[in-house]
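Let's take a friendly walk through this model, from its aromatic rings to its sheet. Please keep the 3D view open as you read.

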Amino acid sequence: MALTLYVDTARWRAHQKQVQDQFPGMIPVCKGNGYGFGHERLCEEATRMGADVLAVGTTYEAASIKDWFGGDLLVLTPFRRGEEPVPLPDRVIRSVSSLEGVRSLVGARVVIECMSSMRRHGISEQDLGQLHGAIEDVRLEGFALHLPLDRPDGSDAVEEVIGWMDRLRAARLPLHTMFVSHLRAAELARLQQQFPQTRFRARIGTRLWLGDHEATEYRGSVLDVTRVAKGDRFGYRQQKAASDGWLVVVAGGTSHGVGLEAPKALHGVMPRAKGVARAGLATVNRNLSPFVWAGKQRWFAEPPHMQVSILFVPADATEPKVGDELVAHLRHTTTQFDRMLDS
């Protein structure tokens, strides 16, 4: 009895192939929890698709992933002077976002991150004059731009990249490779056409692994079902049942990521109204679970436990049976399954 991730393997891989065809030279990204699939599985998929470079989040991830992927590993988190040293092979490429970082990595393979409109990290235009001398002591793999997902001001992602290409060219810096994130296929094609001497390589994670929502599905197994009458007390906090129904114990708790939710950027009146409504219900211990039974998302009977959740299913619904599976709408990047099954 488990929280299971079901994968329609043929459909999932067909989507991977579609993304790969749209983005020639694409670099798959494998970071965090492996987008819900785990590092080892994504390394297998990246190897199967013939990737020569795999992007990872941190040096700690690179240290474990190096045993599962035989190509180069690009660490996306920039090097910081004084960071804990992690033994890594020469096929690991470090991202650098400052002049100090470049000067500290003598002899290393590096990708230099430029400050984009994300304003997260990166070298500035004012650094370029000094950068020319600093790169003589490293093995420069290229420059990189990490771009925003949304542009409410109407700005153009391609123009932002062109702006940096012009600055780098004016500083007489090598432009053989530019690594980019969050560009559409048509935008990448425009850049490649305008700068044929530069190889543009898109670093892609979410779109590659999670772009086809119908290719995967989480399901939690029903472990126990207990009939309750209105007013019966139950659970750790001994709350009263609001009506007749069933307490359904289903695989999937906080250790799996159930009940954990990352903040979302809300746009528009309706999403904000729904957010206010959810917050209001939570104040009276009404929290909607991610589990679906008989076509409806069901309420948590109480906050999820470490490895299971207890749901309340009202008497007017079909009674769940032990061994049934409930579809769960879970965020891949915060979910840890018990098992993964391919079909």
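## Aromatic pairs

Rings of Phe, Tyr and Trp (its six-membered ring) count as a pair if their centres lie within 6.5 Å; planes under 30 degrees apart are stacked, over 60 edge-to-face, and the rest tilted. By that rule, the structure holds three aromatic pairs. The rings of Trp12 and Phe37 are stacked, because their centres are 4.4 Å apart and their planes stand at 20°. This pair links distant parts of the chain, 25 residues apart: Trp12 sits in helix H1 (residues 9-22), and Phe37 in the loop between S2 and helix H2 (39-48). Helices (H or I, at least four residues) and strands (E, at least two) are DSSP runs, numbered from the N terminus.

Trp12 and Trp209 form a tilted pair, with ring centres 6.0 Å apart and planes at 50°. Trp209 belongs to helix H8 (residues 206-210), so this pair ties H1 to a part 197 residues away in sequence. Ring pairs join Trp12, Phe37 and Trp209 into a cluster.

## About the model

This is a predicted model, in which local features need pLDDT of at least 70 and side-chain atom pairs count only at pLDDT 80 or more, while totals for chains, interfaces and linings use all residues. Residues are numbered from 1 along each chain as its sequence is written, and side-chain values use heavy atoms, with hydrogens and water left out.

## Cores and cysteines

A nonpolar core is a set of buried Ala, Val, Leu, Ile, Met, Phe, Trp, Tyr and Cys residues joined through side-chain atoms within 4.5 Å; buried means under 20% relative accessible area, exposed over 50%, partly exposed in between (1.4 Å probe, protein chains only). The largest core has 91 residues, and those with the most contacts inside it include Phe37, Phe143 and Trp209. Helix H6 gives the largest share, seven residues. A second, separate core of eight residues includes Val228 and Leu247.

There are zero disulfides (cysteine sulfur atoms within 2.5 Å). The sulfur of Cys30 lies 4.8 Å from that of Cys43, its closest cysteine sulfur, too far for a bond. Cys30 is buried at 0% relative accessibility, and Cys43 is buried at 0%.

## The sheet

Eight strands make an open, parallel sheet in the order S2-S9-S8-S7-S6-S5-S4-S3, where strands pair if DSSP finds at least two bridges between them. S2 (27-28) and S3 (53-56) each have a single partner strand, so one side of each lacks a neighbour in the sheet.
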